Amino acid sequence: MFLTEIARPVEVADLEEVRYAGVRWYTEGVYAREPVPASEVKTRALTLLREGDVTYNRMWATKASFGVAGADVDGCHVTNDFPIFEIDTSQTSGAFVELLFESPGFQPEAAARATGTTERRRLKQRDFLDIPVTLPPVWEQRRIVDLIAAVDDAVEAAEGEGSSATAAKMSIADGVVGDATPLGDVLSDIVAGASPAALPRPPRHDEVGVLKVSAIGDDRFHEEESKALAGSVQMPDRAHVQAGDLLMTRASGAIDRVGVTCVVESTVGNLFLSDKTFRLVPDRRKTTGDWLNTMLRTRGARAQIAALATGSDMRNLAQARARMISLPMPDVTTQERQAAAFAGLSRVADAARETAHALRTLRSNLLTVLLSGEHEIPASYDALLEEAL
């Protein structure tokens, strides 16, 4: 076995403060928590964590809470719910063990071995150590680590390109609106109300969909984020989602999720607004939906939304208050020109996100192929990449 459980007990009484470490779900890594004065810690002894240690949260093995300690958590402390293990570096490395934790076979096997009657089923150390894994020769492990790292670098580069394009778009939009509350038209002057008479009656279907708040996000409309209801459920006509609608979130526990907008670009079928969303219908003589959508995501507009939202635990932005948001209003021709520039940057961001998504899929497929034990890494990566695609 290439892991050995170890103990490094530390008396809390000998410490001035405790630097706890935790392990994120879904193999997202070991991380350092905020230090706590030792006088506030009730546990008599803790375990010292060192760089290179393997650890996991026994209570959340079903959530793939496994990781390898990095330099940033060296010297931190963990409770007995985080057993620690040393790696036999003659057989493997921390980088390869991290990939094993991500492998398709490891996580369901770990979850199946956890015992208990609640969601926090515990994985005992002996059961963790008994999980079967395939360990190729060290030289092959190194090549696997290098290949996956190259894909990770490509994912990071694609995501960086997408983030840069989005940041450039919002920088331009912020310059239009400004940081301070702008002087200009309020939304009530540039959006029309959506009365039942203004909307066509939706066709009857076997079922209808009610949008979740998550349907509005990332500057786009996610129509798949909806809850299906039986067609016999009566929904008001005014709640039927229409092409061209500018949708806005009404309520959320986080202020950055209140007042988020997106444009419905095409007919979406039998979807309806929930009580946590509403629509703003742009007056096409004065503005365009695409331009307005971008403007409502600027720092200046977000500051107004934060001021207009009410509530503490659950923040709420009433539609009447949303219509009080003020924006500088260039003529429609200028708006269309600006919206075209925004759209170009959005296309760059979208293409980069699609590339990153494809690379993440490739990475997952590669891990399946490489860690199955049924394939050897060829002299050229080309054949392996073709098999994984």
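I looked up the pairing of β2 first: β2 and strand β7 (residues 45-48) pair in the antiparallel sense over three bridges. Strands here are DSSP runs of E of at least two residues, helices are runs of H or I of at least four, both numbered from the N terminus, and two strands pair if DSSP finds at least two bridges between them. Val 10 stands opposite Leu 46 in β7.

I noted that the model is predicted, that local features need pLDDT of at least 70 and side-chain atom pairs 80 or more, while totals for chains, interfaces and linings use all residues. Residues are numbered from 1 along each chain as its sequence is written, and side-chain values use heavy atoms, leaving out hydrogens and water.

I then traced the open sheet, whose order is β2-β7-β10 with antiparallel pairing. β2 (9-11) and β10 (77-78) are the edge strands, each with a single partner, so one side of each has no neighbour in the sheet.

I turned to the aromatic pairs (ring centres of Phe, Tyr or Trp, the last by its six-membered ring, within 6.5 Å; planes under 30 degrees apart stacked, over 60 edge-to-face, the rest tilted). I found 12 of them in the structure. Phe 66 and Phe 128 are stacked, because their centres lie 5.8 Å apart and their planes at 10°. Phe 66 belongs to strand β9 and Phe 128 to helix α3, so this pair ties together parts 62 residues apart in sequence.

I checked burial (buried under 20% relative accessible area, exposed over 50%, partly exposed in between; 1.4 Å probe, protein chains only). Both Phe 66 and Phe 128 are buried.
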